[in-house]
Amino acid sequence: MAVATPQKAVTVGSVTFDNTAPFVLIAGPCQIESREHALKIATFLAETAKAAGVPFVFKASYDKANRTSLKGTRGVGIEAGLSILAEVRDRLGCPVLTDVHDIEQTRRAGEVVDVLQIPAFLCRQTDLLIAAGETGKAVNVKKGQFLAPWDMQNVADKVASTGNERILLTDRGSCFGYGALINDFRGLPTMAETGYPVVLDATHSVQEPGGRGTSSGGKRVFAPVLARAAIAVGCAAVFIEAHDDPDNSNSSDGPNMLPLPWIAPLLSDLKALDAIAKSRTLTEAY
């Protein structure tokens, strides 16, 4: 990645996001299904990341507000969800990330979690972005599937207008006809021109929106391919949804989530690629 803009670092607990530093793993199940399940997945991922020497942030959603249809399960709700996320952080010592969908959720979640995530469909909602920035927490904004990478400068500026520059920008694919997404890896260095750390959401990028009629489909087999490509281009973090039994999960994104046994070998690959990619400075031409 050849980027001329000075790069910012965003520190969350013991984890630092920086386009020039070793990559961070953001991972967890799509939804919080139960306290026991969240702790099980978080413990496995934290131990696997530690063994690989990769900084780790746990992610999970208490509410999936943009499900394809009313038939989809939305999660455990904000009260139970925030309590579970707080327990994960306190037990495992890792930062936690969750989605927010409105200003009130932003304020409540900001009292508990370390990173507030703005879903892709809401990435231009000015009041939501400003409310997230005003919490002082790190804010991860997913690029809308309908936005060009360079449009994320305006999105970041809305958050930064609050004086909070603890901003992450995540690519999760772009619309490619009906029910399909595609990744343009020029987008990562383009978004890095903002100076903020950039992230590749490997599992949502292989989603097929509405692909199952009343729910989204996807092809998880391509998620590791995209993760390796993003690390080779250069980025601060990779976002991966993982589950112990994704094919039988009653939560969203089952077709995209990675089985837990895939995580360790993938991290090994990503570490090797990351070392090569970051052996050059961002301003060094290839």
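Helix H2 (residues 78-92) packs against helix H3 (residues 103-110) at an angle of about 30°, and their axes lie 11 Å apart. The model is a predicted one, in which local features need pLDDT of at least 70 and side-chain atom pairs count only at pLDDT 80 or more, while totals for chains, interfaces and linings use all residues. Residues are numbered from 1 along each chain as its sequence is written, and side-chain values use heavy atoms, with hydrogens and water left out.

H2 and H3 are therefore roughly parallel to each other, a term for angles under 35 degrees. H2 passes H3 in a right-handed crossing, that is, with the near helix turned clockwise from the far one by less than a right angle. On the H2 side, the contact (heavy atoms within 4.5 Å) is made by Ile78, Glu79 and Leu82, and on the H3 side by Gln105, Arg108 and Ala109. These residues divide into 3 nonpolar, 1 polar and 2 charged.

H2 also packs against helix H1 (residues 35-52), here at an angle of about 35° and with the axes 10 Å apart. The crossing of H1 and H2 is right-handed. H1 contributes Arg35, Ala38, Leu39, Ala42, Thr43 and Ala46 to the contact, and H2 contributes Ile84, Glu87, Val88, Arg91 and Leu92. By class, the residues of the contact of H1 with H2 comprise 7 nonpolar, 1 polar and 3 charged.

Attention now turns to the salt bridges. With a salt bridge taken as a side-chain nitrogen of Lys or Arg within 4 Å of a carboxyl oxygen of Asp or Glu, the count comes to 13. One of them joins the side chains of Lys142 and Asp201, at 2.6 Å from N to O. This pair links distant parts of the chain: Lys142 belongs to strand E7 (residues 138-142) and Asp201 to strand E11 (residues 198-201), 59 residues apart. Both Lys142 and Asp201 are buried, meaning under 20% relative accessible area, where exposed is over 50% and partly exposed in between (1.4 Å probe, protein chains only).

Is the Arg186 side of another salt bridge buried or exposed? Arg186 pairs with Asp184, the closest N and O atoms being 2.8 Å apart. Arg186 counts as exposed because its relative accessibility is 61%, whereas Asp184, at 35%, is partly exposed.

A further salt bridge connects Lys278 and Asp274 (2.9 Å, N to O). Asp274 has 6% relative accessibility and so counts as buried. Finally, salt bridges that share partners join Arg35, Glu36, Glu87 and Arg91 into one network.

Conventions: Axes fitted to C-alpha atoms, helices over the stretch in contact; angles between N-to-C directions. Helix = DSSP H or I, 4+ residues; strand = E, 2+ residues; numbered from the N terminus. Parallel < 35°, antiparallel > 145°, perpendicular 65-115°, else oblique. Nonpolar A, V, L, I, M, F, W, Y, C, P; charged D, E, K, R; others polar.
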